[in-house]
Amino acid sequence: MVTVATYPDYLSAQAAVDLLADQNFPVERVTIVGTDVRLVEKVLGRMTTARSALAGAGSGAWFGLLIGILLGVFAVGAWWQVVVFGVVAGVVWGAVFGAIAHAMTGGRRDFASASAIQANTYSVMVDAEYADQARQLLRTQER
């Protein structure tokens with residue numbers, strides 16, 4: 001594998017590969033490699049027992065809806081009542097389990113966050129026999 005271009009962000013590297021694909025380049029010979037990788041955790045806000053219960057209720061509602069629909073298919077008569085019961089039961093149990101799960105942390109993680117893996121640079125690498133062709137296509141499009 002040979003590096004044909006380096007970019008400061010993933011979207012630029014992705015755009016370069018997309019450009020190669022548009023030129024009928026064999027993109028199965030391309031790899032995007034991130035270097036100096038780090039985990040970045042963005043803190044979104046404070047997590048309380050009430051917020052945990054609310055998040056659990058939302059997840060429980062979706063799970064209850066799924067179970068309600070699956071059971072509603074086999075219901076004789078008012079299938080929609082089975083679906084509604086599934087959603088309500090999901091909300092209640094989700095809220096309970098969300099609150100319990102947060103309480104069990106003992107205050108060690110009282111915040112919500114989102115994690116992402118980021119790299120310092122992104123290299124577009126190509127099999128050696130295709131490197132010159134890839135460089136030429138990328139240079140042509142930069143102009």
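**Close-up views of a predicted model**

**View 1. Asp36 sits in the loop that runs between strand β2 and strand β3 (38-46).** Strands here are DSSP runs of E with at least two residues, helices are runs of H or I with at least four, and both are numbered from the N terminus. The model is predicted, so local features are described where pLDDT is at least 70 and side-chain atom pairs count only at pLDDT 80 or more, while totals for chains, interfaces and linings use all residues. Residues are numbered from 1 along each chain as its sequence is written, and side-chain values use heavy atoms, with hydrogens and water left out. In Asp36, a residue other than glycine, phi takes a positive value near 55 degrees. Asp36 is also exposed, for its relative accessible area is 55% (exposed means over 50%, buried under 20%, partly exposed in between, with a 1.4 Å probe and protein chains only).

**View 2. Asn24 occupies the loop between helix α1 and strand β2 (30-35).** Although Asn24 is not a glycine, its phi is positive, at about 60 degrees. The residue is exposed, with a relative accessible area of 70%.

**View 3. Helix α1, made of residues 10-22, has buried residues on one side.** From the first C-alpha to the last, the 13 residues of α1 reach 18 Å, which is close to the 18 Å expected at 1.5 Å a residue (the expected span is 1.5 Å times one less than the number of residues). The buried residues of this helix are Ala13, Ala16, Val17 and Leu20.

**View 4. Helix α2 (residues 49-72) packs with helix α3 (residues 79-104).** The two helices meet at an angle of about 150 degrees, and their axes are 5 Å apart (axes are lines fitted to C-alpha atoms over the stretch in contact, with angles from 0 to 180 degrees between N-to-C directions). This makes α2 roughly antiparallel to α3 (over 145 degrees; under 35 is roughly parallel, 65 to 115 roughly perpendicular, the rest oblique). The residues in the contact of α2 with α3 divide into 13 nonpolar, 12 polar and no charged (nonpolar: Ala, Val, Leu, Ile, Met, Phe, Trp, Tyr, Cys and Pro; charged: Asp, Glu, Lys and Arg; polar: the others, Gly among them).

**View 5. Trp93 is a residue of helix α3.** Trp93 is exposed, and its relative accessible area is 52%. In sequence Trp93 and Gly60 are 33 residues apart, while in space they are 6.6 Å apart, taken from C-alpha to C-alpha.

**View 6. Asp127 lies in the loop that joins β5 (121-126) and α4 (131-142).** Asp127 is buried, with a relative accessible area of 18%. Along the chain Asp127 and Glu28 are 99 residues apart, whereas a separation of 9.5 Å lies between their C-alpha atoms.

**View 7. Ala131 belongs to helix α4.** Ala131 is buried, since the relative accessible area of this residue is 4%. Ala131 and Val4 are 127 residues apart in sequence, and yet they are 6.4 Å apart in space, C-alpha to C-alpha.

Technical notes: Arc of directions from axis to C-beta.
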